[in-house]
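This briefing covers one protein chain, grouped by topic. Please keep the sequence and the coordinates at hand while reading.

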Amino acid sequence: MNLSSLLLPEGEFRVIRCDIADKLIACGDGDSALLYLYALRHGDQADEKTVIRTLNFTKERFDRAVFTLTGLIVRENAASLASVSASKPKMPKYTPNELRQARESDHKFAAVCNAAEKAFGTTLSESRVRSLFGIYDFLGLPAEVIIELVSYLKRDRDKLTKYDIEREAYLWSDMGIYTYQQAQDYLTRVEAMKPLIHAIYAVLQIVGREPSLQERNFAADCVKKGFPPEAVELACKRMQQHIGKHSLAYLQKILGQWDEKGVHTVAEITALEPESAYKRSAVPAAQPDKLEDWEQQWLAEVEQRKRSLEKDGDSVPPAAPDAASPLPSDTSATPPDQLEDWEQQWLAEMEQRKRALTKEG
């Protein structure tokens, strides 16, 4: 059967990008696709209650669909950022004279510099002026867009660096944000995702300080993969039950295993892995029962790291876990530099359980 025969006769047009359609198909969620089509047809004319009534959704179905669509937006932005980081062109090396003339003769660029000085709280160094002029002249972002970008970053974090501005500018350029209205639309979407991000920060107990870049990436990755804050909290709880310490890499490992199994909400996770199976002490003593799949994989990775260290002739010095240590880009093993205290303890316990299983078998 030719599916084109199912298309209705042409009428008023609403256009959907092919890559967005591909993402909606790939996510396999009918409610999200239906909600997207409704939003595409009606824009911002309908409120939440109208949408729920029209689509015959429950509040839970509506929230889940919104969460999934939000994750698609984050995933698209993250993919753009990864592409930019890998292949971004280098900015020209502007001379001090060129920078001075640009600030004196171009009132728009002068406005950018004034806004940046206000954000930094100090007079701009030559290095910062060169970075801003590269964004203005080389990337071609208009002055009003750069001012919006700098203002957004200043609101988002207290400590601002020129590298933060450059990284965000490359991202905006890659996404085609070249007008004030496009910048406003993008920032509106970012603001809509903030409650989820901040809820995850709260679960990680990031209070009274700025999250590190690794923690920001971790929270964004959770939203990208569709993990609500409650699921991250459950992962933290199980992390404490297994190792009794906080480690972003270990937490990412748990979430990565759940993502591979296609479970993301607390209900989905506990249906697959009941809580009764995790009623253990903070750092459990060795138990001669069956190792979970992810435990076997993690055990193999830690053993491989230990062998790599011994092969290089290095000892395995203890090191306190660092919440701001670099996160792996995926669920692959942590680079074989050194084993943390909890890893050595956990490795010994897993080996003991493994020996007990072998003996009983």
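Gln205 lies in the loop between α10 and α11, where helices (H or I, at least four residues) and strands (E, at least two) are DSSP runs numbered from the N terminus. Its phi is positive, about 60°, although Gln205 is not a glycine. This is a predicted model, in which local features need pLDDT of at least 70 and side-chain atom pairs count only at pLDDT 80 or more, while totals for chains, interfaces and linings use all residues. Residues are numbered from 1 along each chain as its sequence is written, and side-chain values use heavy atoms, with hydrogens and water left out.

**Loop residues with positive phi**

- Most residues other than glycine have a negative phi.
- Gln205 counts as exposed, at 65% relative accessibility; exposed means over 50% relative accessible area, buried under 20% and partly exposed in between, with a 1.4 Å probe and protein chains only.
- Asn56, also not a glycine, has a positive phi of about 60°.
- Asn56 sits in the loop between α3 (48–55) and α4 (59–87) and is exposed, with a relative accessible area of 61%.

**Chain totals**

- The chain has 16 helices and zero strands.
- Of its 361 residues, 39% are buried.
- The accessible surface is about 20400 Å², and carbon and sulfur atoms hold 53% of it; the areas come from the Shrake-Rupley method with a 1.4 Å probe, and for residues only the protein chains shown count as cover.
- Among contacts (heavy atoms within 4.5 Å) with a separation of 6 or more, 71% join residues 24 or more positions apart.

**Helix α8 and its neighbours**

- Helix α8 (residues 143–156) has 14 residues and reaches 20 Å from its first C-alpha to its last, close to the 20 Å expected at 1.5 Å a residue; the expected span is 1.5 Å times one less than the number of residues.
- Its buried residues include Ala143, Ile146, Leu149 and Leu153.
- The buried residues of α8 pack against α6 (107–120), α7 (126–138), α9 (162–174), α10 (180–203) and α11 (213–225).
- The axes of α8 and α10 come within 9 Å and cross at roughly 15°; axes are lines fitted to C-alpha atoms, for helices over the stretch in contact, and angles run from 0 to 180 degrees between N-to-C directions.
- That makes α8 roughly parallel to α10, since angles under 35 degrees count as roughly parallel, over 145 as roughly antiparallel, 65 to 115 as roughly perpendicular and the rest as oblique.
- Residues of α8 that meet α10 include Glu144, Tyr152 and Arg155, and those they meet include Tyr180, Leu187 and Lys194.
- α8 and α9 pack at an angle of about 125°, with their axes 10 Å apart, and are therefore oblique to each other.
- This contact involves, among others, Val145, Leu149 and Val150 of α8 and Ile165, Ala169 and Trp172 of α9.

**Val232 in α12**

- Val232 belongs to helix α12 (residues 229–243) and is buried, with a relative accessible area of 0%.
- Not counting residues up to four places away in sequence, Val232 touches Ile200, Val203, Phe218, Cys222 and Phe227.
- Val232 and Tyr201 are 31 residues apart in sequence and 10.0 Å apart in space, C-alpha to C-alpha.

**Helix α13**

- The end C-alpha atoms of α13 (residues 248–261) are 20 Å apart, which agrees with the 20 Å that its 14 residues should span at 1.5 Å a residue.
- α13 is largely enclosed by the rest of the structure, because 10 of its 14 residues are buried.
- Among these buried residues are Leu248, Tyr250, Gly256 and Trp258.
- Gly262 follows α13 and has a positive phi, near 80°.
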